Amino acid sequence: SSRSSKTFKPKKNIPEGSHQYELLKHAEATLGSGNLRQAVMLPEGEDLNEWIAVNTVDFFNQINMLYGTITEFCTEASCSVMSAGPRYEYHWADGTNIKKPIKCSAPKYIDYLMTWVQDQLDDETLFPSKIGVPFPKNFMSVAKTILKRLFRVYAHIYHQHFDSVMQLQEEAHLNTSFKHFIFFVQEFNLIDRRELAPLQELIEKLGSKDR
């Protein structure tokens with residue numbers, strides 16, 4: 001399909017020269033040190049909301065790219081439900097356009113999900129890009145919902161498409177991205193443990209390597 005040849009959703013850019021851009025550069029520099037536990041910590045003197053916003057955009061871009069490489073394997077036929085292994089199935093609702101959760105294929109679900117996340121990230125009232133514009137009171141709950149949903153894409157890739165990831169020799173990239181994501185959400189307690197259950201064993205394994 002034509003979709004798999006291009007990135008799945010356009011990359012969300014953080015404007016150069018902005019404070020958020022500086023924060024992103026800081027994050028990239030500390031990531032390069034290889035110590036992910038340290039890399040996710042709030043830099044001294046920084047605003048927590050802003051740190052979470054910058055990283056949320058970054059994770060969206062990473063997951064977008066990772067999923068974009070396997071879209072040809074994730075089809076209506078191969079993934080007629082959005083699942084993470086036999087015990088976990090996800091139904092889509094965004095609370096505005098689709099109020100009651102609907103059962104849909106994984107590609108459809110992920111399309112809904114990424115489009116929804118992009119709409120949140122593009123909303124200046126939720127994710128202000130200008131310095132000095134305050135974050136809304138509900139920012140943290142929105143960020144938590146975004147991260148909870150992005151986790152489901154990782155869970156689907158690991159459970160249903162890990163063979164393809166290995167064929168493409170991308171498992172190191174996927175593991176590093178996921179480990180960074182997990183350490184980040186653990187550091188700030190952003191995703192409920194129950195939500196992480198589909199990848200609990202992997203999470204424990206990644207965490208134990210770093211102690």
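**Notebook: the surroundings of His-161**

Entry 1. I began with the contacts of His-161 and found that, leaving aside residues up to four places away in sequence, this histidine touches Ile-70, Phe-73, Cys-74, Cys-79 and His-156. I note that the model is predicted. I then looked up the position of His-161, which lies in helix 6, residues 139-167. His-161 counts as buried, because its relative accessibility is 3% and the cut-off for buried is under 20%.

Entry 2. I consulted the UniProt annotation next. The unreviewed entry carries a "binding site" that covers Cys-74, Cys-79, His-156 and His-161. These residues span 88 residues in sequence, yet no two of their C-alpha atoms are more than 9.9 Å apart, so they gather at one spot. I located Cys-74 in the loop between helix 4 (48-70) and strand 1 (82-83). Cys-74 is buried as well, with a relative accessible area of 2%.

Entry 3. I turned to the packing of helix 4 against helix 6. I recorded an angle of about 25 degrees between them, and their axes are 10 Å apart. The two helices are therefore roughly parallel to each other, as angles under 35 degrees count as such. Helix 4 passes helix 6 in a left-handed crossing. I listed some of the residues that meet here: from helix 4 they include Phe-59, Ile-63, Leu-66 and Ile-70, and from helix 6 they include Leu-150, Tyr-154, Ile-157 and His-161.

Entry 4. I examined the largest nonpolar core, which has 64 residues. Those touching the most other members are Leu-150, Phe-151, Tyr-154, Phe-178, Phe-181, Ile-182 and Leu-199. Helix 2 (19-32), helix 4, helix 5 (106-122), helix 6, helix 7 (171-187) and helix 8 (200-208) each give two or more residues to this core. Helix 6 gives the most, with 13 residues. In soluble globular proteins, nonpolar side chains tend to be buried together.

Entry 5. I followed Tyr-154 in detail. Not counting residues up to four places away in sequence, Tyr-154 touches Phe-59, Gln-62, Ile-63, Leu-66, Leu-174, Ser-177, Phe-178, Phe-181 and Leu-199.

Entry 6. I counted eight helices and two strands, running α-α-α-α-β-β-α-α-α-α from the N terminus on. Of the 211 residues, 48% count as buried. Among contacts between residues at least 6 apart in sequence, 73% join residues at least 24 apart.

Note on methods:
Residues are numbered from 1 along each chain as its sequence is written. This is a predicted model: local features need pLDDT of at least 70, side-chain atom pairs count only at pLDDT 80 or more; totals for chains, interfaces and linings use all residues. Side-chain values use heavy atoms; hydrogens and water are left out. UniProt positions are given in the numbering used here, feature names are shortened, and annotations may be inferred rather than shown by experiment. Helices (H or I, at least four residues) and strands (E, at least two) are DSSP runs, numbered from the N terminus. Buried means under 20% relative accessible area, exposed over 50%, partly exposed in between (1.4 Å probe, protein chains only). Contact means heavy atoms within 4.5 Å. A nonpolar core is a set of buried Ala, Val, Leu, Ile, Met, Phe, Trp, Tyr and Cys residues joined through side-chain atoms within 4.5 Å. Axes are lines fitted to C-alpha atoms, for helices over the stretch in contact, and angles run from 0 to 180 degrees between N-to-C directions. Angles under 35 degrees count as roughly parallel, over 145 as roughly antiparallel, 65 to 115 as roughly perpendicular and the rest as oblique. A crossing is left-handed if the near helix is turned anticlockwise from the far one by less than a right angle, and right-handed if clockwise.
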